[in-house]
Amino acid sequence: MGFLCLLAVGFFRCGGHWIKAGYFLTAVAFFDCYRFEVIHFIMAINFFLVCMYVMITDKRFSYLGKASLLLIPLAFQNMLIFEASQVVLVIIFNLLYIIKLKQL
């Protein structure tokens, strides 16, 4: 829980639509997937939808947002695998963005 809240602070510092993602990530941290399954998954889906929107509207790495969009049907089959794959895409997006900023 502490790690997700710390990560949410990073989203708050980025500004823009990432602030919305930070709020949803905080809610995901507070509601675990065992005791509060429905609330956790609703907040997780909202978090990933906001991240997906930010990635799709980015001109440099929009293909990651489109890949994220293609994974939505997986959420109806296995939510935990969907979450894991979305987290990987968000991490790749942020790493590529950092590398691109370092080159400027």
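User: Let's begin with His40. Which helix is His40 found in?
Analyst: This is a predicted model, so read what follows as coming from a prediction. His40 sits in the helix that spans residues 37-57. That helix is α3.

User: Is His40 buried or exposed, and at what relative accessibility?
Analyst: The cut-off for buried is under 20% relative accessible area. His40 falls below that, so it counts as buried. Its relative accessibility is 7%.

User: Which backbone oxygen lies 2.7 Å from a polar side-chain atom of His40?
Analyst: Leaving out residues up to four places away in sequence, His40 touches Val28, Phe31, Asp32, Cys33 and Glu83. One of these, Phe31, also has its backbone oxygen 2.7 Å from a polar atom of the His40 side chain. The oxygen you want belongs to Phe31.

User: Over to Phe93. Where is Phe93 placed, and how buried is it?
Analyst: Phe93 has its place in helix α6, which covers residues 79-103. Buried means under 20%, so Phe93 counts as buried at a relative accessibility of 3%.

User: What about Phe61 and Tyr63: what are their accessibilities?
Analyst: These two also form an edge-to-face pair, 6.4 Å centre to centre with 75 degrees between the planes. Phe61 counts as buried, whereas Tyr63 is partly exposed. The values are 9% for Phe61 and 48% for Tyr63.

User: Which residues do ring pairs link into a cluster with Phe61 and Tyr63?
Analyst: Phe61 is among the residues that Phe93 touches. Ring pairs join Phe61 and Tyr63 into a cluster with two further residues, Phe93 and Tyr97.

User: Last one: which residues make the nonpolar surface patch, and what is its area?
Analyst: Leu95, found in helix α6, is one of the contributors. The patch is made by Val87, Ile91, Leu95 and Ile98, and its area is about 340 Å².

Technical notes. Residues numbered from 1 in each chain as written. Predicted model: local features only at pLDDT ≥ 70, side-chain atom pairs only at ≥ 80, totals over all residues. Heavy atoms only, no water. Helix = DSSP H or I, 4+ residues; strand = E, 2+ residues; numbered from the N terminus. Buried < 20%, exposed > 50% of the residue type's maximum accessible area, 1.4 Å probe, protein only. Polar contact = N/O pair within 3.5 Å; in protein donor to acceptor, adjacent residues only side chain to side chain. Contact = heavy atoms within 4.5 Å. Patch = residues over 30% accessible without salt bridge, like charges linked within 9 Å, V, L, I, M, F, W, Y side chains within 5 Å. Areas by Shrake-Rupley, 256 points an atom, 1.4 Å probe, with all protein chains shown as cover. Salt bridge = Lys/Arg side-chain N within 4 Å of Asp/Glu carboxyl O. Phe/Tyr/Trp six-rings, centres within 6.5 Å; stacked < 30°, edge-to-face > 60°.
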